[in-house]
Amino acid sequence: MGRDGRGDSSILAFYHATFQEYFAALTVEDWDYFMPRNHVNFPVAGMRYRIFEQQWKQVILCWLGRKDIKAQKKEEFIRALVEFKGGVRDFYGYQAYLLAAAGINQFKACSLATEMVRQVVKWGFGYFNTEKQEWRTFLDPIKEAAREVIPQTIRPLAIAVLLEIMPQH
């Protein structure tokens with residue numbers, strides 16, 4: 001804390017960004033601030049999509065970790081992220097889903113947690129197509145982004161899902 005030399009007002013500065021993000025998350029009452037609640041397959045004119053701005057990720061994660069936000073509101077937000085549609089080849093849909101996957105680590109009671117971790121692991125490592133009897137993978141950007149998110153999600157759940165796909169010898 002200090003003075004800026006231009007007046008008598010004090011300036012509050014944080015030595016670590018986490019404090020700044022935490023306090024920013026405390027000021028957000030509704031998840032609509034991060035993403036328009038009324039989004040349906042196309043951008044809402046005049047509304048900001050903070051879910052796609054990297055500098056807001058930690059604020060969103062802190063918001064999901066708040067004890068004073070009802071679980072129902074967190075669940076709504078996670079569901080909206082998971083169901084997000086938009087962009088060429090659903091580019092923004094993947095980004096929203098991966099943010100939600102990181103977010104469930106702050107909201108472990110999410111009813112979609114297991115399904116989400118399974119999907120992220122599938123995107124990251126592929127799956128065995130029983131009809132064609134071959135291992136299928138996803139495009140590199142999706143695979144890489146999913147692999148980056150796996151350690152950010154609920155670790156014991158991610159480990160269990162990864163063990164399921166490992167070949168048994």
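Visitor: How many salt bridges does the structure hold?
Guide: Happy to start there, with the reminder that this is a predicted model. Among the pairs is Arg136 with Glu134, at 3.5 Å from N to O. Salt bridges with shared partners also link Asp30, Arg37 and Glu76 into one network. The structure's count of salt bridges is nine.

Visitor: What separates the closest N and O atoms of Arg48 and Glu53?
Guide: Side chains of opposite charge can pair when their charged atoms come close. A salt bridge here needs nitrogen and oxygen within 4 Å. Arg48, which is partly exposed at a relative accessible area of 39%, meets that cut-off with Glu53, the closest N and O atoms being apart by 2.7 Å.

Visitor: At what angle do the axes of H3 and H4 cross?
Guide: Good one to look at in the structure above. The two axes come within 7 Å, and they cross at roughly 145°.

Visitor: Which residues of H3 and H4 make the contact?
Guide: The residues of this contact divide into seven nonpolar, no polar and no charged. H3 brings Ile78, Leu81 and Val82, while H4 supplies Ala96, Tyr97, Leu99 and Ala100.

Visitor: Which element has the highest confidence in the protein chain?
Guide: The chain averages a pLDDT of 89. Confidence is lowest in strand S1, at a mean of 46, whereas the highest mean, 97, belongs to helix H3.

Definitions and conventions: Residues numbered from 1 in each chain as written. Predicted model: local features only at pLDDT ≥ 70, side-chain atom pairs only at ≥ 80, totals over all residues. Heavy atoms only, no water. pLDDT = per-residue confidence, 0-100. Helix = DSSP H or I, 4+ residues; strand = E, 2+ residues; numbered from the N terminus. Axes fitted to C-alpha atoms, helices over the stretch in contact; angles between N-to-C directions. Contact = heavy atoms within 4.5 Å. Nonpolar A, V, L, I, M, F, W, Y, C, P; charged D, E, K, R; others polar. Salt bridge = Lys/Arg side-chain N within 4 Å of Asp/Glu carboxyl O. Buried < 20%, exposed > 50% of the residue type's maximum accessible area, 1.4 Å probe, protein only.
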